[in-house]
Structures are given as structure tokens and as C-alpha cells.
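Here are a few notes to read alongside the model. Have a look at it first, then go through the points in order.

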Amino acid sequence: MCRLLPTHKSLPHRRDTRLFSSLLIAAAALCRAALAAEDPEQGQIDFANSLFRSDYYDLAADEYRKYIDMFPEGKFIDTALYRLGESDYSAGKHESALETFDKLLSTRAAAPDRGRATLRKGELLYRLKRLDEAAPVLQSLTTSESPPELRAGALYYLGKLEYDKSNFDAALNCFKAIVDELPDNALAPFARYQLALVHVARKDGENAALQFSAVADSDADAALKVECGFRAAEAYDSIGWYEAAETRYKQVQDQFPDSPYAERSAYGYAWAQYHAGRIAEAVTSANAYLDKYPQGPNSVGIEYLQGNCAQQRGQYDDAINAYRALLQKHPDSPFAARAQYKIAWTLFLAGKPEDAKQEVSTFLATYKDAALLGDAAFLRGTILHSEQKFEEAYQEFRVVAEQYAQSEFAPEAMYKMGECLAQLNRMEEAANVFATFATTYPNHALVQEAILRVGDAKFLAARFADAIAEYKRVLESAPDPKKEELTLYRLAVAYHNTQDFKSSADAFRTLIEKFPETSHKAEALVRIGFQLLGDGKDPVRAIESFQAAQQVEAKGPFAGRAMLGLAQARYQTKDLDGAADAFLQVVSGFPEVKLNEQTYGWAAEHLFGQKKWEDAAKVYAALLKGVPDYPTPERVKFRIAECSDRAGNAERAIELYQGVVDTAPLSSSAVEAKFRMAKLFESKNDIEKALDYYEQAATTNTGGTAASARFRIAELLEGKQEFAGAAKSYLQIHLMFLDPERGPESLWRAGQCFEKASDTTNAKRAYQDLAKAYPDSEQAGKAKARLGELG
């Protein structure tokens, strides 16, 4: 609606009834007849004025022209010219009125109505669409020196002129000047109305709603108030202020129940509730509309709304039935196409994608509306996306974004293009699409998410510096808390991946300071702890951070890393026992956390040294599992067996020692394992098995363990009084192992056993070898003495 400057009929005075006017004319005619005899000029102007005041503008114009023709220099010529122009104006004869005002302005320099005539000339030029001519005429009256009434009118029409030329800033300034500087002028509410329209044109829904509301709440005339109340509701609805929209729609219905806007408000009221997600209330309001306006102009839209409400409630069959009923009853309605389209959407939501595709095909074959074609393509893309057909979905979304840019789904289609490309692992293309979306739709609700996705795409392409720049862009745009939390987290991780651990830790600190309940808190504290442990060189504070992480998350992916960090920090502070215990907890409670082989080895050996046999065995076992390609697993297995041995679990130790032999039978660890098994069997008084394993150990190699095994065999045979065999084993130590520690004793005891076996000859040889090989040994002296005794 474009309101124009009020005329006599719309300003405070009201014309009388037609009967009264007729009587007035008759009376005026009698007076004119009487006056004409006395003063013809006075009589003519009075009659013209009487007609003018009674709204007989055509008749008045004729009489004013007669006056001008009769008295071209008469004393009322200025009034006659001005009111002739006004009469033609009021009668809708704009060209004629303009000609008259031009004549007055060009010939009557002292006319008292020049200002009003100038304003009317500007208005008429505007009405006649001669905007370039109208502008300077109106501008001449907008200065502060002009009378308020004239200035207000000039600003009003100049504002409308600028609006028509799409110069919205200039139009806004004109209307705002009336509202702010001339608030008591009769045009102020109309100017505020026009100001609201400017805001609408500028897509500033909030300010439009505020200006419409101000008029609706003012003492303006009822027609303007009701329209502004309705328009305020529409504006609030458009910007998502649904509660405010409902309030305005309700006021229009209550205050102006007989106005056409009451029906439109009842319609808007139901839709506002739907948009607000209050579906049950929307259903009630929709039913109330149909009860009151069963044949109302918006009844089809209400039936469509009922289908939408059923769809939102998940009542898909009811929704489809409602849409199909609408199609059957109102096939030519603008809502018919939308109903067909919504049937397809509802089938998709009901889990019937094939039926939905069929409906889309039917829709495309039936309707050719460009906007809805774009919507249909978007739905088809959505179905394909749900089927993980990302390439085909991408092509559908691209059609919407490029060919149906005016569709309400065009922005989301472009966003979905990026999502499809990301699913196809075409990260560079995805980043470019998301970046285009952010620049094309800078005010869209998904723009921050798009920039975030640009960062993610670059992150996944390992372009971490670029990702960091995008994440910073998101943070600079003051995102909502949820998005800010997510972006801070991704920024911190991106810094970490560039090995800028300090910046990463700083970002993590900001994250937990701003969002102390974030789900990433444990990870943040762990990352901060490792930065303090490494670059920060502050293991004490690192311990505090790791312990805080453990309090946040006793189990989970970062609980183990917190324990690992705690172990490493304690090691750095020389708390070796605490470090070993912490490493043990990592191994026992968080097997998914792997240590390096040096750390496994150190922790196990430290626990072994503390005689914590079971704990040490756990860490040794974890080493074998965590480092599957460990070069000498038999050594670790031997250590595990030794832990059972030291703990007094002989049976388990024998089993584990045998495992060492089976793993690497020719290794030194296998020799030692056989020796240990022999000792364990000996401790169980199973001498035969002991001798067997000692023999296996003794014959495997010539090392110290083999020598010890051979010596023990000799001792056991001697104990069994098998002196010949014992002597032979003692002698074997000297001959085969070249053991300087056991050599003297072995030869001495060999000689002793030969003697006990009554083999004096070999006894002497043994004593002689002893005296020769180890002349300085204690046993050599005894051997020489014995040789002297044997002769």
C-alpha cells in the first residue's frame, strides 16, 4: 500500500450529508443572485467557494474558471487560481491542476498560497511520474526555513520519490526527518509507515516491525493503525520473532474484528504458531480459522497448514491425505503445487524414498514453477544424499544453487554441495564451495558452519595453517557458544598438528576457561600437560594438569594418556617409584596406550628391582604385546618366568621357562632357562629331571651357565656316590669350559672322586693338571700334597 498526501476528505473536517450540501447550494444560489446585483465579483467567488467547500469539485472548477475569465485582474484572482488547481486535483484532473498551479506560480509572485501551490506542484509531478522534475520542486521546500506544514509535505513526497527510484537511504532520511523533527505533524504517522516500508525494502525486518508497531500503537486513523498492526505482525514473523508476531496478529483481530485484516491476521496467527514450533496450538488456530471463515480467501492456505502440522507431528498418513485432499479440491490453487511437493517430502520422511522419487517425478511433469522446480531438485538431492549417492546428490544440489538461485533452498543446496564433496573426499573442492557459500550468503545461519567446514576441509588436506586462518575467522565473527566451543577445539588441534604446541595449549586453555563443562576438557588438560612437560619444561605444573584430567575423565581415551603424562612427569621430577607405579597403571588400566620399548623396559626393571614380581611381569608382558617386533622376545619371557620363580611359584616358573626354550632353543636365554628349571626340579627333590635339564644346559654351549650346570651335575652325582661319573663331569669343566674360577675346584674334586672310584691313575693325572694349570691356587697346594702321599 502506498499512502499519499491527505486531501480535504481525509483531514479533520468532514463533508456534510448530501442533502445538507444540496440545501447549501440552493441557499448559496439565492445569496449569489442577491449579491450579484450588488457585487458580481463577490457573488461569483462566493458561489465557487461554496461549491469547493461542499466537495463539488467539478462544479467549483467551472465557477473558478468563470471568475478568472470574468475578472482576470480581480481582487480574488490568487484565491481563484489556487482553488481551481485544488479542485482539479481533487477531481483527479492532475494535468489540468498542474497547469493551473504553474500559471499561479509564474504570474502571481505575491500570491499568499505560493508555498502550498509549490508543494502541490511537486506532488502532482510525482503522481504523473515526472520524478526528475518533481525532485527540485520538492527539495526547495525541505529547508528548515520552510513552514512545518510545507516542509513535512515536501519531505513526504520527496521520500516517496526516492523510494520509487530505489534510493532507499535518501528515502529513509526524508521520512526520518518528519518522524524525528516534526512528530506532531499530521503526516508523521504516514511518514513512519513509509519509513517502515523503506526498512522492508532494505530487508531490515526488525526496524520495519518496530516502525509499523509504533504506528499501530499511535493515535493515527483507524485504517492506518490496522494495516500497520498487520504489517508489524508480518515483519516479526519474517525475522523469526514469532511471539511478537502472534501478539500483533491477535491485537488486530481483537481491536478491528470487522476489518479485512482480521481474517488475514487469523491466518497469520496460525502460521506464526507453526513457525514457532507450537504445532498443537497451530492446529487449534487453523481449526478456529476454518470455523469462522469457512470460505475465507486464505482457507486453502489453512488446509495446507493442517497438512504441514500433521507432517511435523510425524502423522505422515494424515499429512499425505490432507495434501491429496487439497490437490483434489483446489487443483488451481497456488498451494496445489506445494501440496504435491510436500507429499514427496512426507513420503521421504516416512522412510519411503522410492515412492518419494515417484512423487517428485509426478511433480516435475505437472508443474513448471521455477521456484518449486528448484525445491523439487533439492528434495531429490536430499533423497540421494540419504542413500549415500553423493555424486548424484551433488549434481542435484548444484542445479538448485546455479539454476534456481531464487529458491528458498538455494543457499542450503550450495552448502549441501560442499557436504557431498567432503563425503567424496574431494576436500579442495569442498573448501571452495563452502567458502563461496560464506561470501554469497554472509547472513545465513549456516555461514559460520560453512567457514568451519572450510577449515575442516583444509585440516583434512593437512593444510593446517590455512585451517587455522579459517577457524580464526569463525571466532572473529562472534559465533554462538556451541560453534565457538567447537571452533576453539579445532583450532587447538590444528595448532598441535603444526607442532606449535604452545599456541595449541593456549587455545585449549581458552576453551576450558570459556567452556568449563566442555566435552573436550580432559583432552585439553592432557594436551596442556604435555606442553608443560615438553616445551614448557615445568613437570610440576604438568602433574597438576594431568591429575585434573584424571578427575574429569577416570576412564576413556584421554584417561590413559593422562596417566602416561603423569608417569613421565614424575620421572622428570626424580620420583622414580611414583613413575614406575604410574607406568604400571598405564599398562594395567589402559592397554590401548602404548609405551616405547625403553619405557617398558625401565618400568619393568624398576619394579623387578623393588621385588614387585607380579607387577614387573605385567609390564614385561605388555612390552611383548606393545612391541610385537621386539628383537629378543626370549629375554623378556625369561624375565617373566624369573618373576614367577622369585615369587615362589615353581610350577608356573617351569612352564614359563619352557616357553623361553620353545621360543629360541639355541639362545643363551634358553640355556639359562634350562638351568633354572633344573634348579626348580632339584628344589622339588626330582633329581632325575634336574639332572636331565642340567645336562641339556651343560651341553648347549660353553658359557658360564653351561659350566655351572656341568658343575652341579658333578655335585649331584658325587652326592649319589656315582664317583666315576662325577669325576668325569668335574674333569669336563676343566677341559671344555676353561673356567678359571671353577677350574681349580673342579680338578681337585675330580681327583677326589677318582680316588673314591679307586682310579688312582686318573686321580694323579687330575692332581698333576691342577698343579700345572693353577699353580698359585689353594687347591694346587692340596694336590701336590696328595700326590706326595700317593707316591
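1. A cluster joined by ring pairs takes in Y267, W271, Y274, Y289, Y293, Y304, Y323 and F335. Rings of Phe, Tyr and Trp (its six-membered ring) pair if their centres lie within 6.5 Å; planes under 30 degrees apart are stacked, over 60 edge-to-face, and the rest tilted.

2. Before going on, some ground rules: this is a predicted model, where local features need pLDDT of at least 70 and side-chain atom pairs count only at pLDDT 80 or more, while totals for chains, interfaces and linings use all residues. Residues are numbered from 1 along each chain as its sequence is written, and side-chain values use heavy atoms, with hydrogens and water left out.

3. How many aromatic pairs does the rule give? The count is 40. Take Y67 and F71: their ring centres are 5.1 Å apart and the planes sit at 45 degrees, so this pair is tilted. Y67 and F71 are both buried (under 20% relative accessible area; exposed is over 50%, partly exposed in between, using a 1.4 Å probe and protein chains only).

4. For F459 and F464, the centres are 5.1 Å apart and the planes are at 75 degrees, so the pair is edge-to-face. F464 has 18% relative accessibility, so it counts as buried.

5. Now for charges over rings (NZ of Lys or CZ of Arg within 6 Å of the ring centre and within 35 degrees of the ring normal). K129 has its charged end over the ring of Y126, 5.8 Å from the centre. R639 lies over the face of F608, 3.9 Å from the ring centre.
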